[in-house]
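User: Can you walk me through this one? I'd like the sheet first, then the surface.

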Amino acid sequence: MMNKTFKALVVEEKEDDIVAKLKECELTDLGEGGTIIKAVYTGVNYKDALATIKNGGVIRSYPMIPGIDVVGEIIETTDLILKKGDRVVVTGNGLGVTHTGGFSEIVRVPNEWVVKLPETVNDKKAATIGTAGITALQAISQLEKIGLSDKNARILVTGATGGVGSIAIAMLKSLGYDNITALSRKKNEAYLQELGAKDIIGLEEFMPEKVKPLQKQNFDYVIDTIGGESVAAILPQINYGGGIALCGNASGIKFSTTVLPFILRGITMVGIDSVQLSNDVKKEIWNRIGNELDEVLLAKIGNKEESLENIESVVTSLLEGTHSGRTLIKI
């Protein structure tokens with residue numbers, strides 16, 4: 001039986017500011033849904049950090065419990081297939097944005113948001129992957145659809161020390177890709193090389209003073225997690241017939257470019273959304289994670305555990321850009 005009250009991180013509007021504070025909550029404080037989950041882990045994402053600050057652009061209405069993913073065990077459900085005791089994961093679908101999220105000991109969601117974990121993925125592994133991993137795997141899948149298959153392909157991953165970037169590199173290495181370049185503000189060479197990066201470039205040395213419409217073709221495929229003007233610098237360097245998957249905006253939402261990389265080199269740009277993916281697609285991704293992601297590489301990403309009480313320090317490091325790998329909140 002669930003406790004009458006439980007702890008959750010609640011973000012509220014206070015006069016002209018946003019305040020995030022750990023509070024005692026009741027079931028009536030949660031969003032509607034037919035499945036109640038006892039949370040075991042939730043991962044902390046950059047989007048979660050933005051949810052705790054003013055003008056973060058994440059939360060639509062207050063008060064709100066952030067946390068865009070959660071792993072746990074079903075306490076109650078009205079679903080005809082799911083049952084009490086099932087190990088499950090919830091990502092996206094408005095969790096922690098328009099619907100109370102994972103930074104809570106108890107989570108309630110609509111039945112259709114819930115994915116039962118395969119036996120090959122334990123709770124901690126699922127939390128380490130989380131929304132970041134779903135995004136990384138979807139980016140790889142979309143690049144595969146437009147031609148990524150050659151194990152010698154030159155692949156660039158930006159924001160490489162972040163959650164999406166780290167998991168993308170580990171998964172690419174697990175799949176046999178050896179020619180991976182990591183682009184990051186923090187040149188954490190040892191960490192990135194252990195994950196599978198062959199070369200590491202600092203963002204400051206990568207960005208030219210002036211971006212030319214077409215440059216030397218240095219990369220075949222790109223997973224970009226940061227957005228902004230770095231995208232404008234990357235596009236002219238993509239090889240003929242190559243592609244780029246866009247899945248983040250930590251460096252901004254705007255960039256300026258020309259049509260030349262697209263019409264003269266046949267570059268494909270695909271957008272990656274992990275929020276509204278169907279459960280069928282998510283199940284395929286979780287099965288792939290369980291069967292294809294190297295456990296040793298995943299362990300190198302790190303899954304430092306913190307309690308709900310220490311979540312503010314984790315959020316601060318994410319906002320300041322000093323965070324590496326994945327931090328899990330152990331509920």
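Analyst: What follows covers the sheet, its helices and a surface patch.

Analyst: This is a predicted model, where local features need pLDDT of at least 70, side-chain atom pairs count only at pLDDT 80 or more, and totals for chains, interfaces and linings use all residues. Residues are numbered from 1 along each chain as its sequence is written, and side-chain values use heavy atoms, with hydrogens and water left out.

User: In what order do the 6 strands of the open sheet run?

Analyst: The order is β10-β9-β8-β11-β12-β13, with parallel pairing. Strands are DSSP E runs of at least two residues and helices are H or I runs of at least four, numbered from the N terminus; two strands pair if DSSP finds at least two bridges between them.

User: Which are the edge strands?

Analyst: β10 (199–202) and β13 (268–271), each pairing on one side only.

User: How many bridges join β12 and β13?

Analyst: There are 4, in the parallel sense. G243 has T268 in β13 as its bridge partner.

User: Which strands does helix α2 lie across?

Analyst: Helix α2 (residues 123–145) lies across β11, β12 and β13, at about 150° to β11. Angles run from 0 to 180 degrees between N-to-C directions of axes fitted to C-alpha atoms, for helices over the stretch in contact.

User: Switching to the surface: which residues make the nonpolar patch?

Analyst: Y46, I53 and L319 make a patch of about 210 Å².

User: Where is L319?

Analyst: L319 is in helix α10 (residues 311–320).

Note on methods:
Patch = residues over 30% accessible without salt bridge, like charges linked within 9 Å, V, L, I, M, F, W, Y side chains within 5 Å. Areas by Shrake-Rupley, 256 points an atom, 1.4 Å probe, with all protein chains shown as cover. Salt bridge = Lys/Arg side-chain N within 4 Å of Asp/Glu carboxyl O. Contact = heavy atoms within 4.5 Å.
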